[in-house]
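Please keep the structure open while reading.

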Amino acid sequence: MTAQLEIRGVSKSFGGVQAVSRVSFDVQQGEILSIIGPNGAGKTTLLNCISSVFHPETGAIVLDGRETTRLAPPRVAALGVARTFQNIALFRGMTVVDNLMLGRHIHMKNGVFRSMLYWGPGRREEVAHRQVVEDIIDFLEIEAIRKRPVGSLPYGLQKRVELGRALALHPKVLLLDEPMGGTNHEEKEDMARFILDVNDEWGTTIILIEHDMGVVMDISQRVIVLDLGAKIAEGTPAEVKATPQVIKAYLGTKATV
Ligand SMILES: Nc1ncnc2c1ncn2[C@@H]1O[C@H](COP(=O)(O)OP(=O)(O)OP(=O)(O)O)[C@@H](O)[C@H]1O
Ligand SMILES: [Mg+2]
């Protein structure tokens, strides 16, 4: 089977710090793959390489057979790679619905602001994009907060809106950097359910960085483990959990998962 996304020998350093070190793995279309590892292991940096925020010093990123390694981030987004950020990246003063519309902008020929302001050629296009956004609002059950400025929402809901902004792109590959970080138990369960539903409903490939091992083991088909920038294990949750190197590097001396 040809992989949808191939990470081939990717390395990225910052000054003297080797953040990601010759990491390779394949991601199949439609799978939920988690990346785990201790703080500073290089997880976010790797995601940043996939979305082209950083360009790696060595190696290649290949999406559907096409190398994307050195493309600009909007090009990679236009090819179908969307993401959320470890620290929420939304326009806090804007409403939920407007943040979602902005997430859609990459598909707008007339530009988001023109299509919002004018009753003209951009109008029909805007109606279609509004529908996409309405569907996401339904899907994520955020109708009640659609007019609220994002900055006024509880953290867990902001995370959900950020997922919505990424979904507005109708991505093929969705990169989620700790979507449950800093949220409570109920919000975590909601987010896990939405991730599974996105994957189920649209067949979206999902790469998830998450520290909560319970969630990772529950919803991922495969897990990649990073430590000090290097991949130290790869396999099903059960396989990874049983790897001595993983238990030592990440899970502590006794396996608690
Ligand atoms: N923009 C940057 N400039 C300098 N150093 C960086 C930068 N981004 C990451 N690093 C360094 O690269 C290493 C990997 O960081 P990264 O954020 O990728 O880890 P992480 O696995 O996502 O950690 P966490 O679980 O804390 O989010 C760390 O040593 C970090 O300090
Ligand atoms: Mg990180």
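## Terms and basis

A residue is called buried if 20 or more other C-beta atoms lie within 10 Å of its own, exposed if 12 or fewer, and partly exposed in between, with C-beta atoms placed from the backbone. By that rule Ser-52, with 21 C-beta neighbours inside 10 Å, counts as buried.

This is a predicted model, in which local features need pLDDT of at least 70 and side-chain atom pairs count only at pLDDT 80 or more, while totals for chains, interfaces and linings use all residues. Residues are numbered from 1 along each chain as its sequence is written, and chains are lettered from A and ligands numbered from 1 in the order in which they are written.

Helices (H or I, at least four residues) and strands (E, at least two) are DSSP runs numbered from the N terminus, and two strands are said to pair if DSSP finds at least two bridges between them. An open sheet is formed by four strands in the order β2-β1-β4-β5, with antiparallel pairing. Strands β2 (17-27) and β5 (66-67) stand at its edges with a single partner strand each, so one side of each has no neighbour in the sheet. Between β1 (residues 5-14) and β2 there are seven bridges, and Lys-12 stands opposite Val-20 in β2.

Helix α1 (residues 43-50) lies across β1, β2 and β4 (58-63), and runs at about 60° to β2; contact here requires C-beta atoms, placed from the backbone, within 7 Å, and the angle, on a scale from 0 to 180 degrees between N-to-C directions, uses axes fitted to C-alpha atoms, for helices over the stretch in contact. Eight of the eight residues of α1 are buried, among them Lys-43, Asn-48 and Cys-49. In the loop between α1 and β4 lies Ser-52, whose phi is near 70°, a positive value in a residue other than glycine.

Three bridges join β7 to strand β6 (residues 81-83) in parallel, and Arg-83 has Leu-175 as its bridge partner. Five bridges, also parallel, join β7 to strand β8 (residues 205-209), where the partner of Asp-177 is Ile-209. Together with helix α7 (residues 185-202), β7 and β8 make a right-handed β-α-β unit, meaning that, with the strands pointing away from the viewer, the path from the first strand over the helix to the second runs clockwise. The loop between β7 and α7 holds Glu-178, which has a positive phi near 55° and, with 19 C-beta neighbours inside 10 Å, counts as partly exposed.

## The largest nonpolar core

A nonpolar core is a set of buried Ala, Val, Leu, Ile, Met, Phe, Trp, Tyr and Cys residues joined through C-beta atoms within 7 Å. The largest one has 60 residues, of which Leu-46, Val-81, Leu-174, Leu-175 and Val-225 touch the most other members. Its largest share, five residues, comes from helix α6 (residues 155-167). At least three residues come from each of domain 1 (1-80 + 171-257) and domain 2 (94-169), where the domain bounds come from an automatic or database domain assignment. Leaving aside residues up to four places away in sequence, Leu-174 touches Ala-82, Ala-166, Val-198, Thr-204, Thr-205 and Ile-206.

Conventions. Contact = placed C-beta atoms within 7 Å.
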